[in-house]
Amino acid sequence: MTLPVISLKAKRNSLHPWIFDRMIRHPQKRLKPGMLVEVVSKEGVFIGRGIYNYKSNIGIRLLTEDASEPLNKEFFLRKLQQAKTLREEVLGIQKISNSYRLIHGESDGLSGLIIDKFADVFVIEPYSAGYVGITEWIVSSLQSLYPGARVAVRPDERTAAKEGIDFLPVAKDYPGPDSVEIKENLLQMRVNLETGHKTGFFLDQRENRLTLSQYCSGKEVLDCFCYTGGFAISAMLMGAKSATGIDLDEKALEMALENARLNTVKVTFQHVNVFDYLRTMHAKGEQTDVLILDPAKLAGHKDEMKRAHRTYGDINRLGMQVIRPGGILLTCSCSGLVSEKDFLSILTRSAAEAGVVLQIFKVAGASSDHPFSTIFPEGRYLKAVFARVFPYIKKGIEFHGETKHASVRQNTIHA
């Protein structure tokens, strides 16, 4: 297949798979958004092949830099096979779960594509117009690798607007089932593929759900931004004394109740604003042993960074104030623009304002089926910080024979 040729007007000094619009010499005759193209330097030297879209700030998404590697159905089948090998032969995820992320975008060599496996259902979430025209290749490859697989395409409306293309026709061609039941460690969950966020369920927290649940035996657990109840239910399965989940998404809470029944555990779910709930708890002097803070992404682009930092600071300060001395906090950020260093800095300030000290004993990220690449560090987006929380005790300090009180300062302790 002969591809249209796109040349660059700026020198490429990176292996990053994105080539931005400003670097491209766009052809006078416009190509449809999402066309597969061959990319050459301004001198005409081969650079790679990928997806072109003049309507997107990411003008080209490179898929290969191998001149001998054509972009055809066999290429995508090979990428999917490589991804399956990592998840099953290397990581062995199928031993503990029938669900995992199969394609994590650029980190699996397929820029702009997410595929999650939920039992025998594969949910495709395209972030690039390029996958509209080749969905059939992706689907047939999945069905070749996983006989009997069902496929659903769930595009995001904001992505469609950015990419300048209508994803609805392909979504109608591959509607998938309304829901599917999955297994993860001891946990059983029903995933709503109609109203669920993103692909329907957050597989990236699998390992963190298991880790957190191991600290919950005999404890009171509060799961904030609980979505469909994964953390709270996992805690009860591992012997928690009680668990409460709070969220503002009514449909998610309906599914959370169903999931609690599915696992034969009792969890109290409440439709309430997390900020208001924590303020009320603090005002009443109520506390919990274990607190999970896992809000939705707060910073999607740089203009939202200041607000995101402020919101993360506020919610963590409120959360730290309602944890019993020595209790456990799991606080998360899935905003890729907020670095781990910045997130830890936010937590340090929040702890000082809350009058507590954090003893951080684990800093984790997304589950291992969400790898990140050295040429695409953006793939490492999730931060999950596990810490014990202790009240700060202000002590007198001797200065030249006089006792003066030290101002309240905060140091984060790294284990």
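Is cysteine 226 buried or exposed, and what is its relative accessible area? Cysteine 226 is buried, at 5%. Buried stands for under 20% relative accessible area, exposed for over 50%, and partly exposed for the range in between (1.4 Å probe, protein chains only).

This is a predicted model, in which local features need pLDDT of at least 70 and side-chain atom pairs count only at pLDDT 80 or more, while totals for chains, interfaces and linings use all residues. Residues are numbered from 1 along each chain as its sequence is written, and side-chain values use heavy atoms, with hydrogens and water left out.

Figure 1. For cysteine 226, the nearest cysteine sulfur belongs to cysteine 224, 8.6 Å away. For cysteine 334, the nearest is that of cysteine 332, at 8.5 Å. Neither cysteine 226 nor cysteine 334 is in a disulfide.

**Figure 2. The largest nonpolar core.** A nonpolar core is a set of buried Ala, Val, Leu, Ile, Met, Phe, Trp, Tyr and Cys residues joined through side-chain atoms within 4.5 Å. The largest has 40 residues; Phe118, Val180, Leu212, Val221, Val267 and Leu330 touch the most other members. Elements giving two or more residues include strand 9 (121-126), helix 6 (230-237), helix 7 (250-262) and strand 17 (323-333). Helices (H or I, at least four residues) and strands (E, at least two) are DSSP runs, numbered from the N terminus. Helix 6 provides the largest share, five residues. A second, separate core holds 34 residues, among them Met281, Met320, Val322 and Val389.

**Figure 3. Contacts of valine 267.** Contact means heavy atoms within 4.5 Å. Leaving aside residues up to four places away in sequence, valine 267 touches Ala232, Ile233, Met236, Ala243, Thr244 and Gly245.

**Figure 4. Aromatic pairs around phenylalanine 361.** Rings of Phe, Tyr and Trp (its six-membered ring) pair if their centres lie within 6.5 Å; planes under 30 degrees apart count as stacked, over 60 as edge-to-face and the rest as tilted. The whole structure has 10 aromatic pairs. Tyrosine 215 and phenylalanine 361 pair edge-to-face, 5.4 Å centre to centre with 85 degrees between the planes. Tyrosine 215 lies in the loop between helix 5 (206-213) and strand 13 (220-224), phenylalanine 361 in strand 18 (residues 356-364), 146 residues apart. Tyrosine 215 is partly exposed at 28%, and phenylalanine 361 is partly exposed at 29%. Phenylalanine 361 also forms a tilted pair with phenylalanine 386, at 6.2 Å and 45 degrees. Phenylalanine 386 is in strand 19, 25 residues from phenylalanine 361. Phenylalanine 386 is buried, with 0% relative accessibility.

**Figure 5. Helix 5.** Six of the eight residues of helix 5 are buried. They are Arg206, Asn208, Arg209, Thr211, Leu212 and Ser213.

Figure 6. Two strands pair if DSSP finds at least two bridges between them. Strand 2 runs antiparallel to strand 6 (residues 58-64), over three bridges. Tryptophan 18 has arginine 61 of strand 6 as its bridge partner. Ring pairs also link Trp18, Phe20 and Phe376 into a cluster.

Note on methods:
Disulfide = S-S within 2.5 Å.
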